[in-house]
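Visitor: I am new to reading protein models. Could you walk me through a few features, one at a time?

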Amino acid sequence: MGPFALALDTKNSFAASSSATDASGRKRDNLQMVPKKFFASINNEEEKPFDFLRILFEGVIAGGTAGVVVETVLYPIDTIKTRLQVARGGGQIALKGLYSGLLGNLAGVLPASAIFVGVYEPAKQKLLKMFPENLSAVAHLTAGALGGIAASFVRVPTEVIKQRMQTRQFASAPDAVRLIVSKEGFKGLYAGYGPFLLRDLPFDAIQFCIYEQLRIGYKLAVL
């Protein structure tokens, strides 16, 4: 190889090395310009167009199914709790009929659970787009409270009838509704509505906020 060819080869090698160095530097600068996200509340699913009807349908189906399953499994425990609260002064607790009034209660639990999730999911996605990522917990808290308020119009009458059925005041849910309305009016179905909201709204909001934040944290940990 002659001196001229050697010089050209050295020049080309130097140019290629310089180009690679410049490309690496530009890539490093671009990476440094990408802002770090401390809350992964916006993911690929949330970048899709907002489809209210689809989200509502999915939430209603999932919420209604989950509510029926949970209520059926835990109903005997809830019956025992109610009877313990009623039996004062060392009264005996009847362990028979622990599923008394279950079917009537499910008639209220199904729509109440469907309404809750059906309101929570669309509200959550809308609020997450309105709030900055570092306030995603506020969006989850608010959505949980909204879902609780919407569901309370069905949950409270269901709770009133369920407790009276568990204490054997009525033979069936239809009889309970008819007699309560005839004696106390429709407001009798909403007895204890204020205390119910004071108890269940914070519970719903905090529960779903913690659930969503833990899910976000898990995604950050595995990615």
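Visitor: Is Tyr120 buried or exposed?

Guide: Buried means under 20% relative accessible area, exposed over 50%, and partly exposed in between, with a 1.4 Å probe and protein chains only. Tyr120 has a relative accessible area of 2%, so Tyr120 is buried. Phe116 is buried too, at 7%. A word on the source: this is a predicted model, where local features need pLDDT of at least 70, side-chain atom pairs count only at pLDDT 80 or more, and totals for chains, interfaces and linings use all residues. Residues are numbered from 1 along each chain as its sequence is written, and side-chain values use heavy atoms, leaving out hydrogens and water.

Visitor: Where do Phe116 and Tyr120 lie?

Guide: Both are in helix H3 (residues 102-130), four residues apart, which is about one turn of the helix. Helices here are DSSP runs of H or I with at least four residues, strands are runs of E with at least two, and both are numbered from the N terminus.

Visitor: How many aromatic pairs are there in the whole structure?

Guide: A pair of aromatic rings is described by the distance of the centres and the angle of the planes. Rings of Phe, Tyr and Trp (its six-membered ring) pair if their centres lie within 6.5 Å; planes under 30 degrees apart count as stacked, over 60 as edge-to-face and the rest as tilted. A search of the whole structure finds seven aromatic pairs. In one of them, Phe116 and Tyr120 have ring centres 6.2 Å apart and planes at 5°, so this pair is stacked. Phe116 and Tyr120 also form one aromatic cluster with Phe208 and Tyr211.

Visitor: Why is the pair of Tyr190 and Tyr193 edge-to-face?

Guide: Their ring planes are at 70°, with the centres 5.9 Å apart, so the pair is edge-to-face. Tyr190 is partly exposed at 32% relative accessibility, and Tyr193 is partly exposed at 22%.

Visitor: What does UniProt list for "transmembrane region"?

Guide: UniProt positions are given in the numbering used here, feature names are shortened, and annotations may be inferred rather than shown by experiment. The unreviewed UniProt entry lists residues 55-77, 98-117 and 137-156. In the model, residues 55-77 are 100% helix and 0% strand, and the end C-alpha atoms lie 33 Å apart. Residues 98-117 are 80% helix and 0% strand, with end C-alpha atoms 28 Å apart.

Visitor: Which residue has a positive phi although it is not a glycine?

Guide: That is Arg168, with a phi of about 60°. Arg168 sits in the loop between helix H4 (136-166) and helix H5 (173-184).
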